[in-house]
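Here is a brief report on a protein model. Look over the chains first, then read on for the interface and the backbone details.

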Amino acid sequence: MASPTRRSDLAAWLFLAPYLALFVTFVLIPIVYGLWISLHSWDFMLPDKPFIGLDNYISLMSPDSVNFSPFWQSMQASAIFTVASVPLLLVVPLAVALVMNANFRGRNVVRAIYFAPYVLGVAVVGVVWRFVLDTNVGALNWLLGALGLPDSIAWLSSLPAAWVALVGVTVWWTLGFNAVIFLAGLQDIPKELYEAAKVDGASKWQAFRNVTLPGLRQVTAFVTMITIIASANMFGQSYVMTSGAPGQETRTAIMYIAQDGLQNFRMGQAAAASWILTLALMLLSLAIFAVFRDRSGGETA
Amino acid sequence: MNATPWYSRTHAALPPLSRRGFLWLGAGAATAYLAGCGGGEGVGGAAEGEGVGGFSGEAYSGPDVTLDYWNGFTGGDGPAMRALVKKFDAEHDNIAIKNNSISWPDFYQQLPAATQAGKGPDVGVMHLDQIATNAARGVIVPLDDLAEALDLTEDNFAPSVWGPGIYEDQRYSIPFDVHTIAMYYNKEHFKEAGISEPPTDAASLDEALQKLQQAGFDQPFWMPNLWPAHLMFLSLLWQFGGEPYGGDGTEATFGSEAGVQALTWMVEQIDKGYSPTNVEADAQYTAFKNGDTSITWDGIWQINDLQDSGVPFGIAPIPTIGDEPAAWANSHNFFLPSGAADDENVANAAKTLIGWMSEQSADWSDAGMIPALNAAREQAAFMESPQYALKEQIGHLHFLSPVPGLGEVTPETIEVAVNEAVLGTKSVEDALADAQEDAAKLVEDVLEQYQG
């Protein structure tokens, strides 16, 4: 009696084993090890790695410590970027996916064009846009000038222009990925529902509101979550395009953590900062999850 | 793209040597030299303190070895280093070199980790101001026996490159070159504007800039706010009699009156219309190469790149804007990593390479550098190089204090203040005061980290 269950348990574990091994080795152990490091004054080359309990966390939380303002400034930068980029990275790719889903000649070309930037590395994207956005010799300001618009906007070294540039480049770069996922979601919505809506005399907008959006709920929840996490972890764009300038206003949390831990060798401090960022993201993910859950529960009822 | 901007982040972290620090180190150098006389006569074990392997100065004659050689010569200096490595390979049958050039920021990040993991280099080059940090962290080992075998002492070298290679009375490095920033100018622009001599002080520079503007070069001197802006600031700070760090690196003093004067002058160049606002990363250098600006201050390692670009450039010492001539400088130094010290053959082969390289110092002028060895600066290879025009500046070079960990303070403070003031997001006074306050805390933190 028990044996079939046990056997299927075993089979399940066997199927899971390869991923589990990778997960444990490259995710779980580093996370726990990171927690351990965050409780020490840790420099891997110095013989002395004194245990200091929660001092790293306390120092990140106390306003008069040297780490407080750079860390929270970087957290704020990540937050600004996330708030500005996530809505755009949901709406624009959805619109693009709707276009891609329509029937027209050259549809595959359009799909390829929108997805193309995503295959580029962040270094390539950053360097190319740095040239385009250069205040004094960049193509964008030249173009704006030719159109009679203000042509001396410091896209990479003044606020809020730098945020506009960073968000804009990120949307251009990554919208293809989100659009493809939305597209897959759109193609999963049964055609019958649209036909039924048509029979009921629904307008295009009503069909979108009542068929498309509810049909995309799961996909949207997923896209929202990964986009928030990706945006909160933004690093390369700032690193390559603005170097954190003006001052350190566009230095994101990950950029601060990388510099603190890998360049300045304060790994304990950096590990603690990573944990604070991780906890913040976990809480945010739970909140998003709850938002999408509630609504779906409400509507099925 | 040239490699230099990337060099900035950590290289920027490279402290020069203050006058007070210089004296202090001079004393240290003397002590270390005396200490070094005690051993290192080709005896292994006993020489442990002075250098692994007890290098005797003879070329390595053991079994064949391959040396992993790491450096950061990814820019205009790369080809010159590869040529030297090739020559060494040809002359030494039993030593093969694997040359690995990594951009400096990555270099300083990877070196400790790789050494720790046993995957590090067998020999390498790093900046003078990184020696103390890496010695303190056990990444590199002493080389007293090598210096002694090669008969190298402080007297053989350009001023102030010897001292910072000593940490806790032991020598960790063999200086190879000195590099500094210079004033590059467009010869054709100067001719059109009727300027016959490169400017040498604030007044003549201002006059030249006005002439250039009258000749139709509207923005003749673009002022950067990122790399190498802080090198300009440091040079000017020393010119006005200031010091970035005082008390042997235990306090930050760059916000002094001299600092305010230095940074104010930089901002003024924009206010006077000689420079556009918001010059983005590298834009001043690109503009100079394209002939869009007439004067730029940058590192001498750009010489090869400028020659390749075909721009008709001249090179001169940076003008004395303050009270006395001064310029930021750094130096490339050979080191032996702790990993190589485990194997006597590898250590001795590495030392053979270092000794040989040191003898080729003059040829290293091809990289745009100034040889650190005094004798090499009297050879044709240097005297015929473009950077020979800077010979007067060699007596006025300043290095950042070689205090362990101090390198990480500069990018977080001085670079930020320069960026904010030049961009105009803060006043000069506020930017410097805020940065100095941050630096005071950071310095305290760093001292604790390296003493604990």
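Where is the place of S160(B) in chain B?

## A positive phi in chain B

This is a predicted model. S160(B) sits in the loop between α6 (144–149) and β5 (166–167) of chain B. Its phi is positive, about 65°. Yet S160(B) is not a glycine.

## The interface between the chains

The size of an interface is often given as the accessible area lost when the parts come together. Here chain A and chain B bury about 3,200 Å² between them. Of that area, 54% is on carbon and sulfur atoms. Chain A puts 33 residues into the contact, and chain B puts in 38 residues.

Five salt bridges are counted between chain A and chain B. One of them pairs R137(B) with D43(A). In this pair the closest N and O atoms are 2.4 Å apart. Polar contacts link 13 residue pairs between chain A and chain B, with both residues at pLDDT 80 or more.

## The chain A side

Which elements give two or more residues to the side of chain A that touches chain B? They are α5 (122–133), α11 (236–242) and α12 (253–263) of chain A. The largest share comes from α12(A), with three residues. By class, this side of chain A has 14 nonpolar residues, 12 polar residues and seven charged residues.

Helix α3 of chain A runs over residues 68–101 and has 34 residues. From its first C-alpha to its last, α3(A) reaches 48 Å. That is close to the 50 Å expected at 1.5 Å a residue.

Where does α3(A) kink? The kink lies at S85(A) and is about 25°. The proline P87(A) follows shortly after S85(A).

## Cis peptide bonds in chain A

L159(A) and P160(A) are joined by a cis peptide bond, with omega about 0°. P160(A) is placed in the loop between α6 (139–146) and α7 (161–188) of chain A.

Another cis peptide bond runs from A245(A) to P246(A). Its omega is near -5°. Where does P246(A) lie? P246(A) is in the loop between α11 and α12 of chain A. Both of these helices also give two or more residues to the side of chain A that touches chain B.

How values were computed:
Residues are numbered from 1 along each chain as its sequence is written. Chains are lettered from A and ligands numbered from 1 in the order in which they are written. This is a predicted model: local features need pLDDT of at least 70, side-chain atom pairs count only at pLDDT 80 or more; totals for chains, interfaces and linings use all residues. Side-chain values use heavy atoms; hydrogens and water are left out. Contact means heavy atoms within 4.5 Å. Buried area is the accessible area (1.4 Å probe) that two parts lose on being put together, summed over both. A salt bridge is a side-chain nitrogen of Lys or Arg within 4 Å of a carboxyl oxygen of Asp or Glu. A polar contact is a pair of N or O atoms within 3.5 Å; within protein, one must be able to donate a hydrogen and the other to accept it, and residues adjacent in sequence count only if both atoms are side-chain atoms. Helices (H or I, at least four residues) and strands (E, at least two) are DSSP runs, numbered from the N terminus. Ala, Val, Leu, Ile, Met, Phe, Trp, Tyr, Cys and Pro count as nonpolar, Asp, Glu, Lys and Arg as charged, and the others, Gly among them, as polar. The expected span of a helix is 1.5 Å times one less than its number of residues. The bend at a residue is the angle between axes fitted to the seven residues ending there and the seven starting there.
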